[in-house]
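Please examine the structure below before reading on.

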Amino acid sequence: MSSKSSNPAHSRRVMPDQSREQPRSRYRSLADPESLREFAKNLGEGIYITTPDGRILDANPAFLETFGVQSLDEFAGMSAYDLFLDPSQRELELKLLERDGRVKEFEFQIRRQDGEVRWVLDTSYVLTDADTGERFLHGVLVDITGRKQLEGELIEMSTHDALTGCLNRRYLDQIGMVFHHDPTSRWGCIFVDIDHFKSYNDEHGHQAGDRVLVRMARFLMRQIRAEEAVVRVGGDEFVIVLSDADAERTQHVTERLKSSALKSAPVPFSLGWAAREAGESLVQLLDRADRELLNVRVEQRVDEKREHD
């Protein structure tokens with residue numbers, strides 16, 4: 001007979017009391033009001049609630065920082081219209097909200113209390129209280145000023161010549177689209193080619209040649225209006241693009257270039273000009289100006305040869 005006790009009480013396992021409720025961690029659910037408060041307070045993007053007429057009812061710290069204010073009280077007496085740099089953008093956003101009930105990543109500019117202008121993206125929706133019928137706008141506002149600045153820098157890099165600061169051929173692609181969509185618009189162009197540049201480069205070196213190109217670019221930029229373009233299209237070739245210019249004005253600018261060259265051009269150059277004919281593409285216009293340049297160059301060098309003889 002076994003000496004071990006057969007008493008069931010001695011072999012019974014002690015099981016944990018399942019009836020006791022285990023403590024739950026906080027901040028597990030967005031349904032928890034405290035979680036939502038912390039979420040709104042610490043989120044880097046602005047969160048807001050407004051009335052349809054733009055009165056700001058509540059907002060998180062990131063929203064206040066975007067507009068350069070310390071508290072909601074500073075918005076007293078203001079509406080969303082006052083925050084838009086262009087109020088017509090607010091009207092457009094409201095039309096979209098009325099039509100669709102929501103907008104996603106609506107881009108516009110705001111003016112802060114300190115006068116600084118910033119770019120933002122707004123995503124918002126309309127919410128109606130079933131009991132009172134009141135309507136509210138809930139939204140998220142993202143400050144994209146840094147991104148827009150970077151985009152501008154990238155565009156600048158992609159459309160400008162790194163050495164001279166002139167526009168490059170990518171800019172001509174953009175102008176070519178304008179030509180395509182508006183066959184009657186007036187344009188003039190002037191081709192400029194530095195004379196004997198290869199010989200100069202060979203004799204003085206590429207660094208000296210680069211300095212000549214930079215000085216030539218600055219000279220050309222001083223001869224035209226700010227809204228017009230100097231484009232570097234080749235090693236020693238530039239094109240001046242004149243908007244809203246007929247033949248008379250294009251020729252006038254050309255003659256002014258010749259006159260200024262006698263006083264301040266860094267090096268001798270040849271040029272040719274053309275004004276757009278109806279329906280002409282940019283490529284055709286540039287080609288005509290280039291042919292004129294070649295003609296001028298030949299005549300000039302024949303004259304030079306005669307002088308030497």
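Aspartate 246 and arginine 186 form a salt bridge, with N and O 3.6 Å apart; the term denotes a side-chain nitrogen of Lys or Arg within 4 Å of a carboxyl oxygen of Asp or Glu. This pair connects distant parts of the chain, 60 residues apart: aspartate 246 lies in the loop between strand S8 (237-243) and helix H10 (247-264), and arginine 186 in the loop between helix H7 (169-181) and strand S6 (187-194). Helices (H or I, at least four residues) and strands (E, at least two) are DSSP runs, numbered from the N terminus.

The model is predicted: local features need pLDDT of at least 70, side-chain atom pairs count only at pLDDT 80 or more, and totals for chains, interfaces and linings use all residues. Residues are numbered from 1 along each chain as its sequence is written, and side-chain values use heavy atoms, leaving out hydrogens and water.

A search of the whole structure gives 22 salt bridges. Among them are the following.

| Pair | N to O distance |
|---|---|
| Aspartate 246 and arginine 186 | 3.6 Å |
| Glutamate 65 and arginine 118 | 3.7 Å |
| Aspartate 287 and arginine 291 | 2.3 Å |

Glutamate 65 in helix H3 (residues 61-66) and arginine 118 in strand S4 are 53 residues apart. Arginine 118 is buried, because its relative accessible area is 12%; buried means under 20%, exposed over 50%, and partly exposed in between (1.4 Å probe, protein chains only). Glutamate 65, at 44%, is partly exposed.

Aspartate 287 and arginine 291 both belong to helix H11 (residues 282-308), four residues apart, about one turn of the helix.
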